[in-house]
Structures are given as C-alpha cells and as structure tokens.
Amino acid sequence: MTLDINAFMHAFVTLLVIMDPFGGLPVFMTLTKDYSEERAKHSAHRATLVSLILLTIFVFVGEGVLTFFSISMFSFQVGGGLILLMLGLLYVLDITLGDDKDYSKDIVIPMATPLIAGPGAITAIIILVTKYGYWIPLVAMLVNLFIYWLAMYYARHIKTILGEQGLVIMSRVMGLLLVALAIEMIRTAWVELL
C-alpha cells in the first residue's frame, strides 16, 4: 500500500481544522483546572482512547450507515457542510452553545465526544473514506489524535508558551479555515451533482 501524499495532506488538514486542538485546549484546561497534573494527563489518555474507538468505528462502518438509511452522499455532504459551517462560525464569533454541566468528576465524555470525535469529525471521516478509501483517512485520523493528545498532555506548558491570547487567536484562525472548508464541501457536492 502506497500513501498518496496529496490525498493524505488533504485528509490530515481537513481533520486538523475540524478537530481543532487549539480550540479544544482551553476547554480541556478549564475542565481539568482543579486536577493534579498526573490526573489531567490520565484524562488526556482516556479522552484520546475513547475518541480513537469512536472515529475508527465510523471509518469502517460510516458508509454502511448511510447506505442502511438510504442517505445519498450529496445529502450527507451538504448536511455535513452546514454543520461544519455552524461550528466554524461558533469558533470565529466565540459563541458557546449548551449547558453548564459539572464535569469535575470525569471529563472524558465532553472531551472525547462531542469535542474531539464530534459531528464534524465523524462527517469528515465518512466523506474522506468515500473519497480516498479507508487507509488515508485512518492514518490522518491517527496523526490528528496524536497531535490532540500531545496538546492535552502538555496543556499547561503550551498555555505558558502561547498564553491565553495566543490560544484564542489560534482557535479563531482554525474557525475561519473551518468556515472556508465547509463552504468548499457544499460547493463540491453541488458541482458533483450537476
């Protein structure tokens, strides 16, 4: 099996922008602010493992789920593009949705899903698999999960280097890229349909 570098880079950058470790880092740090460093690192391990299991399942059965429910790739791509567009706008405009649940006992659920392996990542994985087959999206996903794990594992060091402002700027840039990626996804779906 040879790895197509251009296809891999497309899959890697797509997932990097969607998963957004820089955007997830402040959330991780907020959720683990009362944790010891050892406990925070243990939470990073667990969140990454749960995300790995979830995303790997969708790499191999995502297309089957669409077929089972008779959902066309066009509909899924447009729907996924709209979700990514909303996520990107939330990042850029710094809008938060949801509730203020207390995750002080265990942060794995909010970190693993919906933050790391959320709807955007799952949508992208399924679309990338239909475009490139299983292996390129799988490798791109593994590299991105490793980057996310590194970011969470060394969160306190990264915050010291970048500062709060640096993390916010990085997250906004990722959000802008996500908006552009979402529009491109919807445009591509329409072009392929026509």
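This is a predicted model: local features need pLDDT of at least 70, side-chain atom pairs count only at pLDDT 80 or more; totals for chains, interfaces and linings use all residues.
Me: How many salt bridges does a search of the whole structure find?
Reply: Side chains of opposite charge can pair when their charged atoms come close. The cut-off applied here is a side-chain nitrogen of Lys or Arg within 4 Å of a carboxyl oxygen of Asp or Glu. With the whole structure searched, the number of salt bridges found is two.

Me: Is Lys41 buried or exposed?
Reply: Buried means under 20% relative accessible area. Lys41 has a relative accessible area of 19%, so Lys41 is buried.

Me: What is the distance between the closest N and O atoms in the salt bridge of Glu184 with Arg187?
Reply: Both residues lie in helix H8 (residues 155–193), three residues apart, which is about one turn of the helix. Glu184 is partly exposed at 37%, and Arg187 is partly exposed at 44%. The closest N and O atoms of this salt bridge are separated by 2.7 Å.

Me: Which residues does Thr123 touch, leaving out those up to four places away in sequence?
Reply: Thr123 belongs to helix H6 (residues 119–132) and is buried, at 6% relative accessibility. Beyond four places in sequence, Thr123 touches Phe76 and Gly80.

Key. Residues are numbered from 1 along each chain as its sequence is written. Side-chain values use heavy atoms; hydrogens and water are left out. Buried means under 20% relative accessible area, exposed over 50%, partly exposed in between (1.4 Å probe, protein chains only). Helices (H or I, at least four residues) and strands (E, at least two) are DSSP runs, numbered from the N terminus. Contact means heavy atoms within 4.5 Å.
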